[in-house]
Amino acid sequence: MIQSLLVKIQKIAILISRNPLSIIYYPESAEELTMRATLYKIVTFDASHRLLHYVGKCNQLHGHHWKVEVWVEGNVDEKTQIVVDYNTIKKVIERFDHMVILNKKDPMVACLERYQSVVQVNGDPTSELFAQHIKNILENDEDFKRVDAKVTKIRVWESPTSCAEIL
Ligand SMILES: [Zn+2]
């Protein structure tokens, strides 16, 4: 591994101009042009939910100030020098702002939909399930699908002391 890295470094000619902050690399192959990076983004929003099968006060409709942390890994685009626009991640997650998120089997869905749209998910909208749901929504977003990247981790905070993480 280290040996191959040294060979790779040796292949790359480095030109240092008179300005020491300017270094120009000359990679020998297309493979060497490919740089990978991990991006990290935090998005916050307000939304309400209730847990249909929970015994306790989380069974009542209530709100949270949600915080979502997203890790994205992918190839850096040669022209734009970015993996994915941070705003693409923000735009997708902010769609949940001021929404009500419910289990699609929750009888409250039909009641609320007379007045406003409801985000329906496949199960009780816990932070665990919500993390998976956001990952699916993000990976199916048209702008996200245009880039060569994937979501490697999502952490959903429903309070400053409670979060769920999925890989
Ligand atoms: Zn809650």
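**How the six-stranded sheet is put together**

User: What makes up the open sheet in this predicted model, and in which order do the strands come?

Analyst: Six strands, in the order S6-S5-S3-S4-S7-S8, and the pairing is mixed.

User: Why do S6 and S8 count as the edges?

Analyst: S6 (118-121) and S8 (162-166) each have a single partner strand, so one side of each has no neighbour in the sheet. On average, neighbouring strands here are turned by 35° against each other, ignoring direction.

User: What makes S5 and S6 a pair?

Analyst: Pairing takes at least two bridges. S5 (residues 99-103) and S6 have four, in the parallel sense, so they qualify. For a spot to look at, Val100 sits opposite Val118 in S6.

User: And what makes S3 pair with S5?

Analyst: Three bridges join them, and they run parallel. With the cut-off at two, that is a pair as well. Ser48 faces Val100 in S5.

User: How do you know that S3 and S4 pair, and in which sense do they run?

Analyst: There are 14 bridges between S3 and S4, and the two run antiparallel. One example is Val43, whose bridge partner in S4 is Val68.

User: Which strands does helix H5 touch as it packs on the sheet?

Analyst: H5 (residues 127-139) touches S4, S5, S6, S7 (149-159) and S8. Touching here means C-beta atoms within 7 Å. The direction of H5 makes about 145° with that of S7.

How values were computed:
Residues are numbered from 1 along each chain as its sequence is written. This is a predicted model: local features need pLDDT of at least 70, side-chain atom pairs count only at pLDDT 80 or more; totals for chains, interfaces and linings use all residues. Axes are lines fitted to C-alpha atoms, for helices over the stretch in contact, and angles run from 0 to 180 degrees between N-to-C directions. Two residues are in contact if their C-beta atoms, placed from the backbone, lie within 7 Å.
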